[in-house]
Amino acid sequence: MRRRGGIVAGYLAPHPPHLVYAENPPQNEPRSTGGWEVLRWGYEELRRRLAVHEPDVLVVHAPHWITMVGHHVNCVPNPRGISVEPIFPHLFRYHYDFATDVDLAEAIVAEAAGAGLVTSAMRDPGVRVDYATIGALHLANPAWDIPVVSLSANNNPYFYSDAALDEMETLGAATARAIERTGRRAVLLASNSLSHLHWDREPDLPEDMGVERPFDHHQYAGDMELLQVVREGPTERLRAAVPKHIASTQAETKAGSLTWLLAAMGWPAVAGDVLAYGTVIATGNAVVEWVP
Ligand SMILES: [Fe+2]
């Protein structure tokens, strides 16, 4: 019997390029000796759980496909190319080749436009897929055997002092309606780190764990305060906790991916399961599962 459609799980799935570099997948050109193991063990658990959910599609919202005008949805059937992290090209030069669920991608465009959002279907196969999209997708499903829908971030998380998360509610609800309308069984990925201050010097060995630690106690404590609310639930409390966390830690959730994910799931009355937390060049990163 076919399993039910709808959104079956959502994951906070951060994308530091270092985690992909540390895994040494064949798609990534640089080689490492490892590093950031606890976070990568969390991703291993995420993969086990994701496989049990048997999704038809992974829908990912990522902060480094920045579109200043509107929310864009990648509708290219088979994106292929090399994704390069511009600040860490010596760590991340990743050859990607995956399938888009074009029907669902177009349904999200239609639902979001119908809800009044400025929306665009991206159909240019020459647009290079950003490293936050590729990083989260690789870490969640390195086999790339599940079709993808990729959404852009309609903001620049680094420019503004306040987070504009209202539209993410609308985009999340539109995403959920499109998934329902197409009958897909979907897993959502929010490709966001937490506290986001980081070092401006790199050790000789990038994966030297002897120097990896939180930026400072304030950033760490801010992450723990947020994760305490995540672990206690329900997600409704995160409506207030996420903006507070952004204000105190420069969190990357300012780009809206986490709010989009929770809104798409209808702010379910459940706790999140924190599978791992760790820092990457001082930024805080958590791998979290919500099953609505
Ligand atoms: Fe990032």
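**Exercise 1. The iron site**

What spacing do the donors of the iron ion follow along the chain? Work out which parts of the fold the site joins.

*Solution.* This is a predicted model, in which local features need pLDDT of at least 70, side-chain atom pairs count only at pLDDT 80 or more, and totals for chains, interfaces and linings use all residues. Residues are numbered from 1 along each chain as its sequence is written, and side-chain values use heavy atoms, with hydrogens and water left out.

Step 1. Find the donors, meaning N, O and S atoms within 2.8 Å of the metal (3.2 Å for Na, K and Ca); water is not among the atoms, so sites may look incomplete. The protein supplies His15 (NE2), His64 (NE2) and Glu252 (OE), lying 2.1 Å from the iron ion.

Step 2. Read the spacing: H-x48-H-x187-E.

Step 3. His64 sits in strand β2 (residues 57–66), while Glu252 is in the loop between α7 (238–249) and α8 (257–264), so the pair ties together parts 188 residues apart in sequence. Helices (H or I, at least four residues) and strands (E, at least two) are DSSP runs, numbered from the N terminus.

Step 4. Check exposure. Buried means under 20% relative accessible area, exposed over 50%, partly exposed in between (1.4 Å probe, protein chains only). His64 is buried at 18%. Glu252 is buried too, at 1%.

**Exercise 2. Ser150 and the cavities**

Is Ser150 buried or exposed? Then find which cavity Ser150 lines.

*Solution.* Step 1. Ser150 belongs to strand β7 (residues 148–153). Its relative accessibility is 3%, so Ser150 counts as buried.

Step 1. List the contacts (heavy atoms within 4.5 Å). Leaving out residues up to four places away in sequence, Ser150 touches Val60, Trp65, His72, Val73, Asn74 and Thr133.

Step 2. On a 1 Å grid over the protein atoms alone, a cavity is a set of points where a 1.4 Å probe fits but cannot get out; a pocket is an open set with protein on both sides within 12 Å along at least five of seven lines; lining residues have an atom within 4 Å of a point. Grid points are joined across faces, edges and corners, and a volume is the space filled by probe spheres set on the points. There are two cavities of 30 Å³ or more.

Step 3. Ser150 lines the largest cavity, along with Trp65, Asn74, Met122, Val127, Arg128, Val129, Asp130 and Thr133. That cavity holds about 40 Å³.

Step 4. Look at the second largest cavity, of about 30 Å³. Its lining includes Asn74, Met122 and Val127.

**Exercise 3. The largest pocket**

How many residues line the largest pocket, and which lie nearest its centre?

*Solution.* Step 1. The lining has 18 residues; Glu85, Phe88, Tyr131, His196 and His198 lie nearest the centre.

Step 1. The pocket's volume is about 260 Å³.
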